[in-house]
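Please open the model in your viewer and keep the sequence panel beside it.

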Amino acid sequence: MEKLAGVPAKKPMGQRIKQFCVDFKNQWEIQSMIIPGVIFMIIFCYIPIYGLTIAFKNYTVIDTLDSAPWVGLENFRIILSDRYFWDSVINTLGISFLKLLIGFIIPIILAIMIYELGMGRFKKMVQTISYLPHFLSWIVLGGMLITWLSTSGLFNQILIGLGVITTPQNILLDPGKYWWIATLSDIWKEAGWGTILYLAIMAKIDPTYYEAAKIDGASRMRQIWNITLPNMKMIISLNLILTVSGLLGSNLDQTLVLMNSQNRVRAEVINSYVYRMGMTQGDFSYATAVGLGVSIVSVILLVTANKVTSKLNDNQSVL
């Protein structure tokens, strides 16, 4: 098959290595700046990978990574028959899908609304207010929610005042409402922060597109649909891929703060289950096996989401 015109031929490996060495020598001052980052990654990200071997061992605190006896796939067999693990999977997927369906759309809508405000103090005030919850820890926000959702809290007072309920109740103790509490509180905390990338992309859109659309008589909604959203397509696809790949990774901080003995049946997620099994009960091998399985599934979701979005973006891979 003849080579396409204008497409440079791929250089041999030896020539590419030689070129890399030449470029590194010429730019060694700049290239050396990444060495601390590389060392950090090796120490804290790659060397600990060896610890995943305890997922295939019966590891205890008196063992070393090498002395612990091998048990093969026994820990994974226990996982498949563990009812509490599958309960945490259902809770994780339920909360994550709610966050995906609602929490993925709201930052896009909020970013467009902020962008349409134009320049001015009111726009800056709206941005600041929407960003603020992101900088507060879940300890602070969780304490606020626990107070607001209590029997004498703000939400009960509002519902009683509107005549929705007559008897106050502790909303956070109701397992049936926990998924919505977790979803909406996470959106409240992160929606404003999620608008930053969208606003940065919209700031780069050529204003002449909107001027031409106005001359053609396009409404604001038509301009958003035909100009704003198409220019945001790639960053929306990237965020969708990252969100889908994290479906099995619910917010551990949020869960540990809001979960209690009454709502645990609907609040226990995979991350909190792994934390409880590993740190509380000391079953490190089982907890590592769960974490390894979740990581493998997350990688599969990441690759699948990238393939799907590349098809939707005319075979242009986002990652």
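Which helices each supply at least two residues of the lining of the largest pocket? Select α5 (83-103), α10 (178-203) and α13 (233-245), each of which does so; helices here are DSSP runs of H or I with at least four residues, numbered from the N terminus. This is a predicted model, in which local features need pLDDT of at least 70 and side-chain atom pairs count only at pLDDT 80 or more, while totals for chains, interfaces and linings use all residues. Residues are numbered from 1 along each chain as its sequence is written, and side-chain values use heavy atoms, with hydrogens and water left out.

Stay with the largest pocket, whose volume is about 690 Å³ (a pocket is an open set of points on a 1 Å grid over the protein atoms alone, where a 1.4 Å probe fits, with protein on both sides within 12 Å along at least five of seven lines, and lining residues have an atom within 4 Å of a point). Next select Gly-103, Pro-107, Asp-186, Glu-190 and Thr-243, the closest to the centre among the 23 lining residues. Colouring by helix will pick out α10, the source of the largest share of this lining, 9 residues.

Now move to the second largest pocket, which holds about 230 Å³ of space, and select its lining residues, including Trp-148, Phe-155, Lys-177, Trp-180 and Trp-188. Here α8 (138-148) and α10 each supply at least two lining residues, and the largest share, 5 residues, again comes from α10.

Notes: Grid points are joined across faces, edges and corners, and a volume is the space filled by probe spheres set on the points.
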